[in-house]
Amino acid sequence: MIARNPATALDGNGLARDGRPPLLRLLAMARPLRGRLLGAAAAGAAATGCGVALLAVSGFLLARASQHPSILAISVAVVAVRALSVGRGVFRYLERLASHDVAFRVLAQVRVAIWRRLEALAPNGLVLFRSGDLLARLVSDVDATQDLFIRGVTPVVAAALVGGATVAGCLLILAPAAAVLAAGLLTAALVVPLAGAAVARKAARAAAPARGRLAATVTELLDGAADLHAFGAADAALARAEVTDAELTRLDGRTAAASALGAGSMSAITGITLWAVLVLGVAATGAGTLSRVPLAVLTLTALAAFEAVSALPAAAIQLGQARVAAGRIAAVTDAPDPVIEPARPRALPPGPFAVQLRDATVVYRPGGPPALDRVSLDLPPGRRVALVGANGAGKSTVAAVLMRFRELASGAALLDGHDLAGYAADDVRSVIGGCPQDPYLFAATIRDNLRLARPAATDEELAAAAGRARLLPWIESLPQGWDTPVGARGAAVSGGERQRLALARAFLADPRLLILDEPTSHLDPTARRALTTDLLHATEGRSVLLITHELDGLDQVDEIVVLDHGRIAEQGPHQQLRRAGGRYQRLCEHGY
Ligand SMILES: Nc1ncnc2c1ncn2[C@@H]1O[C@H](COP(=O)(O)OP(=O)(O)OP(=O)(O)O)[C@@H](O)[C@H]1O
């Protein structure tokens with residue numbers, strides 16, 4: 001029989017959207033690990049029980065020893081003290097081991113679930129989140145939810161079992177004292193934690209978003225450092241980060257005050273209860289209904305009983321924070337799908353295919369103007385089409401639709417005559433893709449950045465792709481050649497080299513329909529013309545959609561489509577549009 005690995009046996013869909021509160025959904029993820037969680041609770045209760053029993057037996061031993069009995073009369077108690085001391089340590093260790101094991105396994109699953117969701121949402125579904133805030137959700141919010149398993153389950157079970165058993169034990173010694181102890185324990189276990197959580201609730205609700213804001217602000221400060229310095233805006237941006245930091249410190253201060261209040265109230269309730277138990281016990285001893293040894297046992301047992309509930313006020317506050325964190329995680333996992341995956345995806349056609357848009361309409365904001373308004377476009381195999389138009393005309397939106405990053409509001413997108421939405425998004429992106437408008441270079445070597453497109457690419461294939469992007473002589477001239485690091489976001493290479501690296505990456509991926517979204521942006525006019533000439537040369541005979549503001553060289557493409565405010569203003573070959581007296585002619589002659 002194959003052993004089931006509890007980590008992989010977890011319910012990976014536990015985070016899926018449903019009607020339950022986010023914290024309960026997290027708890028449900030631990031369902032396959034409930035045996036461990038129960039074991040942790042049992043071990044926690046045993047450890048706390050050993051602690052209470054240890055003090056009770058010690059009380060008995062001390063009081064009985066003062067009466068100078070024979071060693072035989074106390075030998076059982078001596079052995080019990082040793083066993084309970086060892087037992088307390090061993091059970092506490094087992095409890096920590098099991099509860100942390102459950103917590104970390106669930107946390108790992110939550111992180112994977114969030115990451116999968118981020119993958120599905122990127123890039124269009126993530127525009128509502130700041131990247132630093134997403135990082136805070138992925139790291140600190142997920143960390144905060146571990147308290148659900150470590151402090152939210154075991155201490156509560158231990159407090160209920162051990163508190164109840166202790167009161168029952170005391171009932172056998174002195175009923176009124178047991179009643180007082182029960183009242184003290186209930187106040188400490190319910191009133192103090194609930195009051196502490198209520199005081200900290202507002203701070204807990206505000207602290208996690210503030211932590212996300214601070215992470216986002218710091219990330220943006222680092223990413224935009226050069227621009228902030230260039231515009232003399234660094235001090236103002238730093239001041240904004242300091243305001244968020246001060247707010248977070250104030251909120252953490254409130255949480256700490258609530259914790260301190262809880263700890264102080266706990267000590268006060270313990271002292272008052274103990275004093276009352278002692279008064280009742282001494283009175284009973286004076287009345288002759290209680291002897292001295294049970295009095296010592298009763299008093300020390302009452303003192304030890306509070307150990308069972310001492311962790312609850314802090315646990316209640318931390319559970320409040322875990323609840324907020326779980327809500328922030330759910331906001332990511334519940335974010336609406338930018339595209340709907342088909343239940344039974346269609347297989348991709350084996351050979352060349354045509355791609356078409358039919359009256360395609362895209363609306364980004366409900367009620368807002370369409371970014372694409374009934375656009376129809378034909379991209380037959382082997383045809384090179386250029387998409388031109390002013391900023392905001394909708395060119396990148398066409399690319400987003402074709403790569404299944406964006407759903408249509410109406411109309412159709414077809415691949416090989418079938419609805420694009422019937423294919424799995426990943427399948428579509430394996431055959432339609434290329435170079436995004438703002439390509440990302442990782443802080444890795446040139447080789448690794450290119451291999452991103454095809455991890456198994458051989459050195460010859462890498463060299464061929466780099467050659468097509470006219471990069472090879474430059475790479476070979478570098479002292480470290482292919483192993484040259486490009487820096488974070490390609491900061492250690494020039495804008496033109498960055499563009500060509502992105503282009504080489506697109507050539508290496510070699511999708512059947514190559515979409516190049518402004519591959520010459522950020523370049524000077526000479527470099528722009530050179531790169532356009534190179535890429536038109538390198539893509540001869542292939543299916544290409546070239547989105548560009550660079551009109552030089554467009555006489556080489558088969559068709560030019562001019563977009564204006566989301567609509568096709570005109571389309572046709574360069575020679576025809578160049579003298580048609582329309583938008584394209586104006587763009588060529590006046591640049592607007
Ligand atoms: N994620 C988004 N959310 C809301 N509106 C968006 C989003 N992306 C684009 N838009 C809007 O849709 C319209 C078309 O944008 P798009 O990026 O397709 O234009 P473009 O022609 O590629 O522009 P550019 O030449 O500047 O890259 C613009 O008005 C833009 O503000």
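Start with the ligand and select what surrounds it: 14 residues, the closest being Y364, A371, N391, S396 and T397. Color the shell by class and you get 4 nonpolar, 8 polar and 2 charged (Ala, Val, Leu, Ile, Met, Phe, Trp, Tyr, Cys and Pro are nonpolar, Asp, Glu, Lys and Arg charged, the others, Gly among them, polar).

A quick word on what you're looking at: this is a predicted model, where local features need pLDDT of at least 70, side-chain atom pairs count only at pLDDT 80 or more, and totals for chains, interfaces and linings use all residues. Residues are numbered from 1 along each chain as its sequence is written.

Next, select 234-286 (helix α10) and 312-333 (helix α12), which pack at about 155° with axes 9 Å apart. That angle makes α10 roughly antiparallel to α12 (the label applies over 145 degrees). Now show T255, A258, S259, G262, A263 and M266 in α10, which meet P313, A314 and I317 in α12; contact here means C-beta atoms, placed from the backbone, within 7 Å. The α10–α12 contact has 6 nonpolar, 3 polar and no charged residues.

Last stop: an unreviewed UniProt entry annotates "transmembrane region" at several spans, including 69-91 and 181-200. Pick 69-91: its end C-alpha atoms lie 32 Å apart, and the span is 91% helix and 0% strand. Then try 181-200, with end C-alpha atoms 27 Å apart, 100% helix and 0% strand.

Definitions and conventions
Near = placed C-beta within 6 Å. Axes fitted to C-alpha atoms, helices over the stretch in contact; angles between N-to-C directions. Helix = DSSP H or I, 4+ residues; strand = E, 2+ residues; numbered from the N terminus. Parallel < 35°, antiparallel > 145°, perpendicular 65-115°, else oblique. Contact = placed C-beta atoms within 7 Å. UniProt positions renumbered as here; feature names shortened; annotations may be inferred.
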